[in-house]
Amino acid sequence: MPVTMGPYGQSQPSCFDRVKMGFMMGFAVGMAAGALFGTFSCLRIGMRGRELMGGVGKTMMQSGGTFGTFMAIGMGIRC
């Protein structure tokens, strides 16, 4: 099947590129949400210093990976 061309000659991104873009967008949004929720939850239980940074970082990576995975699946379904 030929690649469709846009109005100015550029081609559309492939399905794999769209899935990658969805994962990266979801990962960024998940990291931001993880920073907010992780900071509040770690401060609430009394973490300070290095322990706080580790807890917030872990929460950011977990929420970023989870949300990124779901966004990648959604983009894969769309294409």
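Helices (H or I, at least four residues) and strands (E, at least two) are DSSP runs, numbered from the N terminus. By that reading, this chain has two helices and zero strands, and T66 lies in helix α2. Welcome to a predicted model, in which local features need pLDDT of at least 70, side-chain atom pairs count only at pLDDT 80 or more, and totals for chains, interfaces and linings use all residues. Residues are numbered from 1 along each chain as its sequence is written, and side-chain values use heavy atoms, with hydrogens and water left out.

**The chain as a whole**

- Of the 79 residues in the chain, 19% are buried, where buried means under 20% relative accessible area, exposed means over 50%, and partly exposed is in between (1.4 Å probe, protein chains only).
- Among contacts in the chain with a separation of 6 or more, 73% are between residues 24 or more positions apart; a contact means heavy atoms within 4.5 Å.

**The two helices, one at a time**

- Helix α1 covers residues 15-44; it has 30 residues and spans 42 Å from its first C-alpha to its last, close to the 44 Å expected at 1.5 Å a residue.
- That expected span is 1.5 Å times one less than the number of residues in the helix.
- After α1 comes G46, which has a positive phi, near 95 degrees.
- Helix α2 covers residues 49-78; it also has 30 residues and reaches 43 Å between its first and last C-alpha, close to the expected 44 Å.

**How the helices pack**

- α1 and α2 pack at an angle of about 150 degrees, and their axes are 5 Å apart.
- That angle makes α1 roughly antiparallel to α2.
- For such angles, under 35 degrees counts as roughly parallel, over 145 as roughly antiparallel, 65 to 115 as roughly perpendicular and the rest as oblique.
- Axes here are lines fitted to C-alpha atoms, for helices over the stretch in contact, and angles run from 0 to 180 degrees between N-to-C directions.
- The contact of α1 with α2 involves 18 nonpolar residues, 14 polar ones and one charged.
- In this grouping, Ala, Val, Leu, Ile, Met, Phe, Trp, Tyr, Cys and Pro are nonpolar, Asp, Glu, Lys and Arg are charged, and the others, Gly among them, are polar.

**What is buried**

- In α1 the buried residues are G22, G26, G30, G34, G38 and C42, and their cover includes α2.
- An α-helix has 3.6 residues a turn, so residues three or four places apart point the same way.
- In α2 the buried residues are L52, G55, V56, G64, G68, A72 and M75, and their cover includes α1.

- G26 is placed in helix α1 and counts as buried, at 0% relative accessibility.
- Leaving aside neighbours within four places in sequence, G26 is in contact with G64, F67, G68 and M71.
- T66 is partly exposed, with a relative accessible area of 44%.
- T66 and G26 are 40 residues apart in sequence, and their C-alpha atoms are 8.4 Å apart in space.
- M60 lies in helix α2 and counts as partly exposed, at 21% relative accessibility.
- Not counting residues up to four places away in sequence, M60 touches G30, M31, G34 and A35.
- From C-alpha to C-alpha, M60 and G34 are 4.1 Å apart in space, though 26 residues apart in sequence.
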